[in-house]
Amino acid sequence: MRARYIARLAGAAQGHDDATERFAQQLGAASNAAVIRLGPLTIATLGPPPLRCGPHGVIIGSLYRRDGGPAVANLTDGEQQRIVASRGAALTDLFWGPYVALLANRDGTALDVIRAPLGELPCLHTIVGNATILASDVDLLRNPGGYRPEVDWDQVISHLAWRYVSGPRTCLIDLRELQGGNRLAVDGTSRHMEELWSPWRFASAAQQFFSPGDAEAQLRQAVLDCIASRAAPFEAGVVMLSGGLDSSLVAMGLKAAPIRPTALNLVTQDPGGDEVRYAAQVCESLGIPLTLGLREVARIDIHRSGAAGLPRPSVRGFLQESNRLVAEAAAAHGATAIFNGGGGDGIFCSLQSGAPVADRLLATGIGRGIFKTAFDMSELAQASIWSVLVDGIRRAWLGKPAYRQTPELDLLSSHIREQAAQLPGHPWMDIPPGMLPGKAMHVRMTTFAQSYVEGLDPRSTLPVIVPLLSQPLVEACLRVPSWYWLERGHNRMIARRAFAGRLPEAVLLRRSKAAPNSFLAEIIDHHRQAIRALIEEGELGRRGLIDVPSTLALIDQQNPLKGPAFERILEIIDVEVWARSWAEPQAG
């Protein structure tokens, strides 16, 4: 089980109030809860025991040192002193991992909360009465925390337009989430957030690698170290192997780690979504078993939200079949963790624009290298070399924005589109002065990749590990100049070259990758009437948030759905059934 926790900091005048005592008693009644009392601060952890950090601090989750190895079992005196003296800021420099640190002052009246950069352990916080409550999940916030969840429809609108950008506000009223790499200072019911870690630091010109060879070596070591560290607690694991580059790198790293890996490849009825041949090549070269899982559309319960109990509708409904099949594979092979290659496209800078040309122009000036980068991108994007050069020049010298903020407004009601288009507050989306256009786009993709870990559920029996989003690896990738990733019409070349000879060349150099689009279309076709009823009778329509007639017209059309329309319909259904789940009795 992944670590879970809840903490309650009573108001200054409420240090030993009855509510605190009841809270502590409820926590103590849980057989597997470790309870720590520090004056008005009460902390309870479930799952693995927390690390102690000084006399008044605990670190929940897993902490890894920068030099590799398994999770830290004990902090040295010097490490504890640096962490406490810096109010937790030293954690982001010395360590990495899925952790949340709670560092109280001497009498427990004030608290610093630090969430790991890119760490999947959540930190939700709210105020109940005169106390600040922090927890890993809404179930614990409800009981024993006393929070009563209610859907925040303004934030639902924002989510529909910006599902890949998670700001501090959740889609539940009065519930916020501490974002990765930030510190929350709590004093009574006063809360103040500060940024401790930012991808912009590593994307800066001063941090860039000077040669492709140096970048390859650093990336190779980071991939192997991060996967080995995340795999260390488990004897066996299942890797979700699509046969693409990212999941294949994870499979390779697991094979080199002290874990017994098995691979699962998901297939659909449509052969267009079949990547078995690539997955089989990877497994044969690594010597690990491969299981095939057939997604069955009839097993999808269109009325069940995969994000039930989570603070946002962040889990897609079509993943029900993926979750069923991977759970079966884990049970069959005795695996206790699931690994996947999520986030790889983002951190390995999978760009298709003239931005790398612009970066090279600004960083090195006009030269033969500019034309090489333009040619490489033209091969990748299937565009003329001149159009790539023009795009690069416009980005470098003529003021074209590094990237445009483009909300998804399709099928939203016209009267809420202006509200929906407002970008959620996220510091990683604000480009610092002087940042190269390609690096700005790389950071943007890293921001989108981070949203993936926000959808993981700490209540899951089988933890889902996303090792490519480990902090040291992300930092290494951000230090790679954008044009280094391109070569001979291939993207992500630093990662490809770093592992040449360790994976089949057909996998390392493949350009195409199947998507689950055919399965999404199957879902709509099979569940068309139920989907229609959810749109016609649902809360989103009743509240005027979606364009019901246009959505129904798409659902009712006789021709097979193509393009992004069917995916957008299912996104809306995911939000609808998530919102309905909060009207139903919740566990906990």
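Buried means under 20% relative accessible area, exposed over 50%, and partly exposed in between, with a 1.4 Å probe and protein chains only. The exercises below concern a predicted model, in which local features need pLDDT of at least 70, side-chain atom pairs count only at pLDDT 80 or more, and totals for chains, interfaces and linings use all residues. Residues are numbered from 1 along each chain as its sequence is written, and side-chain values use heavy atoms, with hydrogens and water left out.

**Exercise 1. Describe the surroundings of Ser-451.**

Step 1. Ser-451 belongs to helix α16, residues 437-454.

Step 2. Its relative accessible area is 14%, so Ser-451 is buried.

Step 3. A polar atom of the Ser-451 side chain lies 2.5 Å from the backbone oxygen of Phe-448.

Step 4. Beyond four places in sequence, Ser-451 touches Arg-163, Tyr-164 and Ser-166.

**Exercise 2. Examine the salt bridges Arg-4 to Asp-137, Arg-115 to Glu-177 and Glu-571 to Arg-568.**

Step 1. Side chains of opposite charge can pair when their charged atoms come close. The criterion for a salt bridge is a side-chain nitrogen of Lys or Arg within 4 Å of a carboxyl oxygen of Asp or Glu. The structure holds 38 salt bridges.

Step 2. In the pair Arg-4 and Asp-137, the closest N and O atoms are 2.9 Å apart. This pair links distant parts of the chain: Arg-4 is in strand β1 (4-10) and Asp-137 in the loop between β11 (131-135) and α4 (138-142), 133 residues apart. Arg-4 is buried at 13% relative accessibility, and Asp-137 is buried with a relative accessible area of 3%.

Step 3. Arg-115 and Glu-177 meet at 3.4 Å, N to O. Because Arg-115 lies in strand β9 (110-115) and Glu-177 in strand β12 (176-177), the pair ties together parts 62 residues apart in sequence. Arg-115 and Glu-177 are buried.

Step 4. For Glu-571 and Arg-568, the closest N and O atoms are 2.9 Å apart. Both residues lie in helix α24 (565-581), 3 residues apart, about one turn of the helix. Salt bridges that share partners join Arg-163, Arg-316, Glu-408, Glu-567, Arg-568, Glu-571 and Asp-574 into one network.

**Exercise 3. Describe how helices α12 and α14 pack.**

Step 1. Helix α12 (355-364) and helix α14 (385-397) pack at an angle of about 55°, with axes 7 Å apart. Axes are lines fitted to C-alpha atoms, for helices over the stretch in contact, and angles run from 0 to 180 degrees between N-to-C directions.

Step 2. Angles under 35 degrees count as roughly parallel, over 145 as roughly antiparallel, 65 to 115 as roughly perpendicular, and the rest as oblique. The angle therefore makes α12 oblique to α14.

Step 3. The contact includes Leu-361 and Leu-362 of α12 and Ile-393 and Trp-397 of α14.

Note on methods: Helices (H or I, at least four residues) and strands (E, at least two) are DSSP runs, numbered from the N terminus. A polar contact is a pair of N or O atoms within 3.5 Å; within protein, one must be able to donate a hydrogen and the other to accept it, and residues adjacent in sequence count only if both atoms are side-chain atoms. Contact means heavy atoms within 4.5 Å.
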